[in-house]
Amino acid sequence: MLQAMRKYTKSWVASLFLGLLALSFGVWGIADIFRGGGDDTVATVGGVKIPVTFYQQNYRNLTRQASRNGDLTPAQQKALGKNALEGVIDQTAIDNYVRRYGLTVTDETVSARIRAIPAFVGPLGTFDHTQFLRAIDSIGYDEPSFVAAIRAEISRDQLLGATASGMELPPGYAQAFFDYLNQVRAAAYVTVPASAAGNPPAPSDADLAAYMKAHEATFSTPEYRDVSFAWVSPQDVMGQIKVSDDQLKQQYEVQKAQYVIPEKRTLEQITFPDLASAKAAKAKVASGTSFEEIAKQRGLKPDDIQIGTLSKEDLAERGAAVFAVPQGGVTDPLKAPVGYALIHVVSITPGSNKSFADVKEDLRRQISQQLAQSKIGDISNAYIDESSRGESLEQAAKKVGMHAGRVAAIDAKGNTPDGAKAQIPSDPELLPQMFKAEPGEEGDPFQAKSGVTYVVKVEGVRPPKLKPLDQVRAEVTAAWQKEQMSKRLASLAKELATKASAQKSLTAVAAQVGSNVQQTGALRLPLVGRPDAGGPLPRALREQIFNVPAGEAVAGPSTDGKSYIVALVTGVRHPPAGLIRPARLKQFGARIAQEFGSDFMQVMSKAARAKEGVKINQQTVDRIAGGESS
């Protein structure tokens, strides 16, 4: 830990973390794009190191997207961290194969791919180099590195695409697959109540002890931690901050683009080779022909004529003419880079103009918050200085003006051993940090999303301990009996299914358990993307019904888990012969082959990863996925 090193050296080093914008393009090519920067890696694949910076970018991209629906829990952050790691490892393994096979891509192919990206289209509806540079700069690239990334992506597509493009299903196989997916089945079923399994057995102490040991987490006390902590919030320093009118005016000028927003117009454009044809088209518009119809007559699709939402300034010398036209109107012919153009005003977004007086107080709050964070940063640095001199957490906090506290025993839910809520600040990021911190080590100050800065030190840990049997006998007995009854019921249902299959009937089974035989009606195979009609049988049981022939019985738990169901397949109906025409069958087979190809690509990625060999720096992964905000 940095804090421990500082205490030994009696000095401190301020660490500056440069936060790169999350990647918004699905670009691979790890080893080709990011090289150097030391040996700080998250994993090594076949001798190629994956830089921690690249993993961070992928992780931040995933968490930013996921957090649009709300704050992420630590468990969700950990899961996203795992997904990001799996992705970069698979990608690196494939990159290694690409290099080994010597796959190359021409400059023309790379250029065509880049020019086809919509984000790089300028006001004239074509690739714009200035827009291209602006867009890639916003995601942390310069031109050479972005071109290299696209080249690597295309090389990878060549390798993976070749494995999938050759997939083709024979017509007979496609027909059989179509028939299977579209068959209809019917079943009779009997509900087997829990009472059919008899009375709950009486466990011995040995049974209960063994059950407790197998479920230690359920019947143990939680881990308790003795934690010292300090904190300082923006509200603690606001009284020390004064913002002058000059500062407010300077900030207004810096942010003026947010407050003085020009009118913008969504535009469509049709170009013509000469002035005469442009005038003729404008005459048609004047006589009632729609702009869309003019485009259609020239063989243009709706996407071909859209040039975006632009300001008057964006249009340069054409701006005055375009902004003189009302919504829905069409300009007179205007000189274009090639020929002449008519521009159609689809819609108008009014501009806005907020004066300094309008936003003065908002600016004051904004600057005050910024200065408060700066002040808190100074306090954090001062705390580190004091701590480095050997001061305790409480002493250092007191000297620099931070609050300090201590909780002798707290569990991961924020409770003390007597079940009361521990007296700590109610910040959702503080408690998880207390349980991530290494015991005995004082962590560096960290800032929460709330703006509060904390320091945490775990003074001691009381590990989980299995509770005495007599203390939890009733709970353990109930859980053991429930498990035994569930096993008995599952075994009985399996025996009844075997009996029904042998007799091709549920009559005897229904009589044995005191239930009625019921009918399902028509059932269709549960498929991803197909509307699920639900019905009386759980999905898992309906899937079993489609895996056995007519006359066979299957068994499974009911939807509520309190009973079992034995179902006998009473009929199978396949689609009529010739239902699907040969041409449609061929299309269906092609779609299935594409799915097979996609699966094969995934298998190839995993095989490449296995062959290359992977070493993971789990400590670094956990630090990033567990400790960063998104």
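**Helix packing and confidence**

Author: In this predicted model, helix H17 meets helix H18 through Ile379, Ala382, Tyr383, Glu386 and Ser387, which touch Leu393, Ala396, Ala397, Lys399 and Val400 of H18.

Reader: How do the residues of that contact divide into nonpolar, polar and charged?

Author: The contact of H17 with H18 has seven nonpolar residues, one polar and two charged.

Reader: And at what angle do H17 and H18 pack?

Author: H17, which covers residues 356-388, and H18, residues 393-400, pack at about 135° with their axes 9 Å apart. The two helices are therefore oblique to each other, and H17 passes H18 in a right-handed crossing.

Reader: Switching to H9 and H20, how do their axes cross?

Author: The axes of H9 (residues 205-214) and H20 (residues 469-503) come within 9 Å and cross at roughly 85°, so H9 is roughly perpendicular to H20.

Reader: Which residues make that contact?

Author: From H9 they are Asp205, Asp207, Leu208, Tyr211 and Met212, and from H20 they are Leu469, Val472, Arg473, Val476, Thr477, Ala479, Trp480 and Glu483. Sorted by class, the contact of H9 with H20 contains eight nonpolar residues, one polar and four charged.

Reader: Now the confidence: what is the mean pLDDT, and where does pLDDT stay under 50?

Author: The chain has a mean pLDDT of 84, with 89% of its residues at 70 or more. Over residues 1-38, however, pLDDT stays under 50, although the model has 82 contacts beyond four places in sequence for that stretch. Where pLDDT is low, the predicted coordinates should not be read in detail.

Technical notes
Residues are numbered from 1 along each chain as its sequence is written. This is a predicted model: local features need pLDDT of at least 70, side-chain atom pairs count only at pLDDT 80 or more; totals for chains, interfaces and linings use all residues. Side-chain values use heavy atoms; hydrogens and water are left out. pLDDT is the predictor's confidence in each residue, from 0 to 100. Contact means heavy atoms within 4.5 Å. Axes are lines fitted to C-alpha atoms, for helices over the stretch in contact, and angles run from 0 to 180 degrees between N-to-C directions. Helices (H or I, at least four residues) and strands (E, at least two) are DSSP runs, numbered from the N terminus. Angles under 35 degrees count as roughly parallel, over 145 as roughly antiparallel, 65 to 115 as roughly perpendicular and the rest as oblique. Ala, Val, Leu, Ile, Met, Phe, Trp, Tyr, Cys and Pro count as nonpolar, Asp, Glu, Lys and Arg as charged, and the others, Gly among them, as polar. A crossing is left-handed if the near helix is turned anticlockwise from the far one by less than a right angle, and right-handed if clockwise.
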